Amino acid sequence: MRIRIVDAFTDRPFAGNPAGVLLLDSFPGDERLQKVALEVNHAETAFAHRLPAGGTADWALRWFTPATEIAMCGHATLATAHVLHSTGAHEGPVRFATRSGVLVATPLEDGSITLDFPTAPLTPVEVPAGVAGALGAQPRTALDTGPDVGDLLVELDDEKTVRGLAPDHKALAAYSRRGIIATARAEDPARGYDYISRCFFPNVGIDEDPVTGSAHTALAPYWAERLGRPVLTGLQASPRSGRVRTELRGDRTLLSGRAVTVIEGELLA
């Protein structure tokens with residue numbers, strides 16, 4: 001069983017968000033998938049197997065953190081599409097059957113890959129009491145991001161505040177199903193990004209996720225409305241950092257980025 005580690009939403013190794021990718025003949029039991037994900041110990045490990053021809057999807061795809069299975073993951077989907085295309089296992093757009101419906105990944109001529117994901121429904125909510133203390137900053141606004149993403153999206157005063165966050169991860173776990181997306185407008189759009197974010201997911205075993213595709217299905221509609229443009233670039237300012245090009249198309253959001261395979265080996269257990 002081949003296992004690969006792929007850095008997603010980056011064009012160079014040791015940046016972006018690493019994901020494990022395994023192409024299988026079929027899915028084994030959930031317990032084994034969870035054990036492999038824990039052994040890989042990255043934010044997500046993706047497991048995929050080919051589906052019979054003629055259906056609505058080409059590959060079945062599931063994602064596991066070290067602690068649990070999740071409903072949607074952008075960077076591990078990008079990583080899986082990269083593996084399929086770079087190894088010749090699949091050519092052209094690939095349709096993935098997932099818990100979030102059929103998700104399409106399309107390779108582009110410039111080497112990047114575009115993911116077609118459902119746009120997260122945003123519902124304004126009151127800033128929960130205590131979240132400012134747990135996060136280390138007072139949010140301007142707060143929004144629920146719906147069942148697939150499962151985060152609390154909060155806008156902070158400025159880019160400097162987002163970059164300087166040092167949250168209490170255990171305390172943050174009380175305020176959402178998965179975690180917190182903290183965002184602010186870019187201080188200087190001439191640097192090549194329109195908004196900045198950081199993502200903290202204590203409820204799925206991830207203190208800070210390096211670059212989160214699913215979070216950008218919420219960030220895209222949020223900032224498209226405020227900035228008046230459907231096509232934007234987001235910078236996720238984790239220590240590894242990465243950029244996601246977002247394009248809002250109503251109830252769908254396109255997420256574009258690159259990926260690099262950094263490790264390839266054999267799973268022996």
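Asp7 and Arg240 form a salt bridge in this predicted model. Their closest N and O atoms are 3.1 Å apart. The two residues belong to distant parts of the chain, 233 residues apart. Asp7 sits in strand β1, which spans residues 2–8. Arg240 sits in the loop between β15 (231–236) and β16 (242–249). Asp7 is buried, at 2% relative accessibility. Arg240 is partly exposed, with a relative accessible area of 27%.

Now move to another pair. Asp116 forms a salt bridge with Arg252, and here the closest N and O atoms are 2.8 Å apart. Asp116 lies in strand β8 (residues 113–118), while Arg252 lies in strand β17 (residues 252–257). The pair therefore ties together parts that are 136 residues apart in sequence. Asp116 is partly exposed, at 24% relative accessibility. Arg252 is partly exposed too, at 26%.

Next come two neighbors in numbering. The side chains of Glu225 and Arg226 meet in a salt bridge, with an N to O distance of 3.9 Å. That value falls within the 4 Å cut-off for a salt bridge. Glu225 is exposed, with a relative accessible area of 66%. Arg226 counts as partly exposed, at 37% relative accessibility.

Some charged residues go beyond a pair. Asp30, Arg62, Glu69 and Arg99 are linked in a network of salt bridges. How many salt bridges does the count come to? The total is 21 salt bridges.

Turn to the cysteines. A disulfide is a covalent bond between the sulfur atoms of two cysteines. How many disulfides does a search of the whole structure find? The search finds zero. A disulfide needs the two sulfur atoms within 2.5 Å.

Methods
Residues numbered from 1 in each chain as written. Predicted model: local features only at pLDDT ≥ 70, side-chain atom pairs only at ≥ 80, totals over all residues. Heavy atoms only, no water. Helix = DSSP H or I, 4+ residues; strand = E, 2+ residues; numbered from the N terminus. Buried < 20%, exposed > 50% of the residue type's maximum accessible area, 1.4 Å probe, protein only.
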